[in-house]
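Here is a short report on one protein model. Please look over the sequence and the fold first.

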Amino acid sequence: MESLINKKAGFLNKFFGLYLLAVLMLWIKTYITQVTQFDLGVQGALQQFLLLLNPLGSAMLFLGVAFIFKGRGKYILLVVIYTLMSILLYANAVYYRFFSDFITLPTISQTQNFGDLGGSIISLLKPYDILFFVDVFLLIYLCLSKKIKKDYRRVGYKKAIAVIAFVIGISAVNLGLANADRPQLLTRGFDRNYIVKYLGMYNYTIYDAAETLKASSQRALADSDDMTEVINYTKSNYAEPNPEYFGAAKGMNVIYIHLESIQDFLMNYQLNGEEVTPFLNSLIKDPNTLYFDNFYHQTAQGKTSDAEFMLENSLFGLPQGSAFITKGQNTYQAAPAILKESGYTSAVFHGNNGTFWNRNEIYKSFGYDHFFDANYYDTSSKEEMAEYGLLDKPFFEQSMDLLKSLPKPFYTKFITVGNHYPYKIDQELTTIGKATTGDPSVDNYFQTARYADEAIEQFFAQLKESGLYDNSMIVLYGDHYGISENHNRAMEQIIGKEVTPYESANLQQVPLIIHVPGMEGEVNHTYGGQMDLLPTLLHLLGIDSQNYVQFGTDLLSEEHNELVPFRNGDFVSPTIYSIDDNLYDAKTGLPLTEDDSLLEKANEFEKEVEYKLQLSDKVVNGDLLRFYTPIGFTPVDPSQYNYNKDAIEKTDNK
């Protein structure tokens with residue numbers, strides 16, 4: 001290294017030379033990372049060129065801030081900025097390994113969740129990760145080395161102007177070519193993948209900051225007039241209830257079972273000739289069960305919290321971060337508050353910390369009467385703990401006394417954690433072997449899914465024993481995918497075919513199982529998503545959803561809209577799939593041709609999806625429900641709720 005420094009000393013003795021070296025190293029590192037760590041769907045020579053070009057302008061711009069200073073300050077600032085950009089790049093690489101997504105500013109505010117992540121983060125680290133910081137150490141060494149003479153003069157204005165002009169030129173070319181290949185890139189930026197692919201990791205960060213600031217300002221600028229368009233849309237979107245099912249569960253208890261990371265392909269799937277989920281398989285064949293086999297998760301970065309947000313409110317989660325974290329103080333018309341008008345008591349059961357996903361605060365805004373978190377459970381036995389709380393079998397067992405104590409009818413939700421990434425489980429608790437793809441996440445997935453299935457079977461037996469089963473509607477739903485697109489190669493071995501974009505969309509199906517004693521069940525092929533759960537539930541309970549602001553529609557209605565939007569602007573329907581800006585025939589899975597008769601319909605669907613997402617975001621970001629109260633609905637006062645076990649016990653003992 002010293003010989004290299006001696007040869008290049010003349011170049012590096014000037015600060016401008018060191019700056020150019022830093023730009024070159026960061027440019028190369030960022031490009032390699034974007035190619036190897038992210039699945040950006042790069043196609044064609046132009047996109048390849050843009051992927052190579054886009055880190056250069058960002059590296060020159062951000063590192064060029066050091067020119068403002070003189071003396072030792074510019075060397076220090078160069079190292080600091082370089083290190084921060086390297087940390088940002090690495091953090092996104094690790095985040096992407098599990099979420100197939102990029103960090104946003106709102107997700108950074110979710111740091112209260114990080115303490116519970118434990119082994120999940122460790123499992124994402126790779127031995128080669130040290131390479132992300134080798135160049136950082138080199139730059140620090142060069143700045144500290146006495147072999148390099150320090151140039152403490154301020155950079156001349158001519159060089160500064162030249163750098164600025166070069167950066168502007170590169171950025172203009174980059175943005176121009178990007179817009180030519182992907183029109184309306186920044187105005188229709190539902191998908192972060194596109195922003196990174198066309199503009200690069202660092203420009204994406206600027207874009208994300210601008211979008212976050214815009215969303216934050218919407219509440220301050222919103223007024224009651226903004227609700228008019230929303231109400232007009234949701235009323236026109238309303239689907240009349242199906243008289244065959246309306247009120248089929250009237251007056252019954254409601255028990256939601258949140259199936260963590262359970263995908264629909266597991267239903268009736270056999271691993272080495274053995275059913276993975278035998279109890280769920282038997283349940284979907286029960287004569288009193290409705291099973292929806294074209295039901296999709298619609299979550300984004302909020303994952304589990306997005307699923308809860310949608311089923312409680314029939315509002316989309318946010319494009320960045322989690323509404324549970326950033327919109328916890330909003331006004332909502334959520335299921336617990338709606339059902340309170342019909343005499344329901346509401347409660348959530350979860351064997352994890354109440355602060356995770358900000359549940360202990362946002363549940364108050366939803367109007368939940370009780371939240372039984374880890375403080376209400378015995379979590380002293382390490383053998384009964386998963387990484388995200390109490391394992392499912394002891395969780396259900398300990399929940400029964402709490403459930404039986406609730407006044408009836410009740411609306412409840414049980415959040416399981418046993419089948420959570422990275423799908424580690426004590427082998428003494430397993431009753432099925434691992435898969436053999438060579439991918440640990442995929443191979444372990446079937447063991448934890450079997451454990452969850454057995455826990456649910458145990459819970460059903462406990463409900464029958466307690467006498468609650470015969471008067472309870474039990475709804476089981478998958479919250480989001482368990483196996484991300486990063487594991488497609490292993491999944492091809494599991495499902496026995498290539499995971500094309502079309503097949504990848506089908507893998508976003510999650511189970512929806514609704515069991516109502518006395519109701520005639522069936523396998524229902526209707527297309528729907530988590531947005532549709534709330535209106536479906538209300539109509540089964542005999543409560544008309546017409547006056548509420550809901551973006552989903554009743555899955556059982558003849559008027560149900562089978563267009564299923566995803567948070568990034570993609571969609572599926574019985575006729576057309578739109579995935580990554582490509583259109584597919586829903587029946588054959590083949591791409592649509594330019595003369596296909598479905599193209600006009602696809603254009604209508606795209607506009608409808610975009611409009612629906614924009615309206616939902618206006619409601620959530622603008623907190624618009626504070627301006628509208630349906631007739632017969634009592635707005636929630638979050639200050640009236642207290643989930644602290646010690647405080648409640650002290651009050652009860654007075």
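The report covers a helix, its salt bridges and a charged surface patch.

## Basis of the model

The model is predicted: local features need pLDDT of at least 70, side-chain atom pairs count only at pLDDT 80 or more, and totals for chains, interfaces and linings use all residues. Residues are numbered from 1 along each chain as its sequence is written, and side-chain values use heavy atoms, with hydrogens and water left out.

## An enclosed helix

Helix α16 spans residues 359-366. Helices here are DSSP runs of H or I with at least four residues, strands are E runs of at least two, and both are numbered from the N terminus. Six of the eight residues of α16 are buried, so the rest of the structure largely encloses this helix. Buried means under 20% relative accessible area, exposed means over 50%, and partly exposed lies in between (1.4 Å probe, protein chains only).

The buried residues are Arg 359, Ile 362, Tyr 363, Lys 364, Ser 365 and Phe 366. Their cover includes helices α13 (304-313), α14 (323-326) and α15 (335-340). Strands β5 (345-350), β6 (370-372) and β9 (410-415) are also included. Contact here means heavy atoms within 4.5 Å. Just after α16, Gly 367 takes a positive phi of about 95°.

## Salt bridges

The count comes to 16 salt bridges. Each is a side-chain nitrogen of Lys or Arg within 4 Å of a carboxyl oxygen of Asp or Glu.

Lys 413 and Glu 308 meet in one of them, at 2.5 Å from N to O. Lys 413 lies in strand β9 and Glu 308 in helix α13, so the pair ties together parts 105 residues apart in sequence. Both Lys 413 and Glu 308 are buried. A network of salt bridges links Glu 308, Glu 312, Arg 359 and Lys 413.

## Two further pairs

Arg 567 pairs with Asp 617, with the closest N and O atoms 2.8 Å apart. Arg 567 sits in the loop between β13 (564-565) and β14 (571-572), and Asp 617 in helix α22 (residues 599-621), 50 residues apart. Both are buried.

Lys 404 bridges to Asp 401, at 3.8 Å between the closest N and O atoms. Both lie in helix α17 (residues 392-404), three residues apart, about one turn of the helix. Lys 404 counts as partly exposed because its relative accessibility is 43%. Asp 401 is exposed, at 58%.
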